[in-house]
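Please read them with the structure open.

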Amino acid sequence: MNYEEFKDVVHRKSKINLNYYKERQMKRRIDSLIKRNNFKGYKDYYEALCKDKALYEQFINYLTINVSEFYRNINQWKVLEKEVFPYLLSQNKKLKIWSAACSTGDEPYSLAMCLSNLIPLSSISIVATDIDKEVLRKAKEGIYSEKSVSGVPSNFVNKYFDKLGDKYQIKNEVKKCIEFKEHNLLNDSYPRNCDLIVCRNVMIYFTEESKEIIYKKFNESLKDGGILFVGSTEQIIMPTRYNFESLKTFFYKKI
């Protein structure tokens, strides 16, 4: 079995189309995983994936590149709190927020805490989605290491986390703000009429053709005047191609 054949069987089994990802980067990751697990090649590895649930979950988790942290790139969160959220709240007091490719939940929980400076937690509703069932399980559990919460403002750590030994668990009052769902950005239908979509540090792994599809879908998913918040390496070149205009660096407004 060669890599092209491996991509095909993985697509049939997982509904994840590896053709949408940058090939050199993804193939290197998969080859490394096969070698690390002491398999001879794609055929042996795929046969093992079909038999071993834990190995398959490890593969999906590795494939979907789950990297997340609370308040990643703190200056962007300050812009969100001081400028973007007030603008959105001036348009609509009840915001519909989607955290796409949310990984282990750090981002949607950060969104809820950040917005709680402006409106009560009881008024906050965020849909958080990811393709990986295992990271969604961890997100719902909401237990993080001390290192993970190091970027969270200290007042929020004290207010919104319970200390469990050397771990920190997000409190239920914050959990209630978030609805976690499984979602494939390239296959599944998107939420509608969103005020804010947050999708950060994910698009860098996709091909240019895939990005074009996703940006257009994000635009259709937003209300007029809605905002897309992207990662620090993901500035959109010529955003008007997708019916966006730059509001602030890393924030794009639907025209």
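This is a predicted model: local features need pLDDT of at least 70, side-chain atom pairs count only at pLDDT 80 or more; totals for chains, interfaces and linings use all residues.

**Notes on the sheets, helices and ring pairs**

1. Four bridges hold β4 and strand β5 (residues 167-170) together in the antiparallel sense. For D162, the bridge partner in β5 is Q169.

2. The seven-stranded sheet. A second open sheet has seven strands and mixed pairing, and its order is β6-β2-β1-β7-β8-β10-β9. Here β6 (178-182) and β9 (244-248) are at the edges, and each has a single partner strand, so one side of each is left without a neighbour in the sheet. The twist in this sheet averages 25° from one strand to the next.

3. Strand β1 (residues 97-99) and strand β7 (residues 194-199) run parallel and are joined by three bridges.

4. The β9-β10 hairpin. β9 and β10 run antiparallel, with four bridges between them. F244 has K254 as its bridge partner in β10. Two residues lie between the strands of this hairpin, and F250 takes a positive phi near 80°.

5. Helices α1 and α2. What angle do helix α1 and helix α2 make where they pack? Helix α1 (residues 3-14) packs with helix α2 (residues 23-36) at about 85°, and their axes are 12 Å apart. At that angle, α1 is roughly perpendicular to α2. On the α1 side the contact is made by Y3, E4, F6 and K7, and on the α2 side by E23, M26, K27 and I30. By class, the contact of α1 with α2 has four nonpolar, no polar and four charged residues.

6. Helices α3 and α4. The axes of helix α3 (residues 42-51) and helix α4 (residues 53-63) come within 6 Å, crossing at roughly 115°. This makes α3 roughly perpendicular to α4. The crossing of α3 past α4 is left-handed. Residues Y45, A48, L49 and K51 of α3 meet K53, L55, Y56, Q58 and F59 of α4. The residues in the contact of α3 with α4 divide into six nonpolar, one polar and two charged.

7. Aromatic pairs. How many aromatic pairs does the model contain, counting rings whose centres lie within 6.5 Å? The count is 21 aromatic pairs. One of them, formed by Y71 and F156, is tilted, with 6.4 Å centre to centre and 35° between the planes. This pair links distant parts of the chain, 85 residues apart: Y71 is in the loop between α4 and α5, and F156 is in helix α8 (residues 154-160).

Technical notes: Residues are numbered from 1 along each chain as its sequence is written. Side-chain values use heavy atoms; hydrogens and water are left out. Two strands pair if DSSP finds at least two bridges between them. Axes are lines fitted to C-alpha atoms, for helices over the stretch in contact, and angles run from 0 to 180 degrees between N-to-C directions. Angles under 35 degrees count as roughly parallel, over 145 as roughly antiparallel, 65 to 115 as roughly perpendicular and the rest as oblique. A crossing is left-handed if the near helix is turned anticlockwise from the far one by less than a right angle, and right-handed if clockwise. Contact means heavy atoms within 4.5 Å. Ala, Val, Leu, Ile, Met, Phe, Trp, Tyr, Cys and Pro count as nonpolar, Asp, Glu, Lys and Arg as charged, and the others, Gly among them, as polar. Rings of Phe, Tyr and Trp (its six-membered ring) pair if their centres lie within 6.5 Å; planes under 30 degrees apart count as stacked, over 60 as edge-to-face and the rest as tilted.
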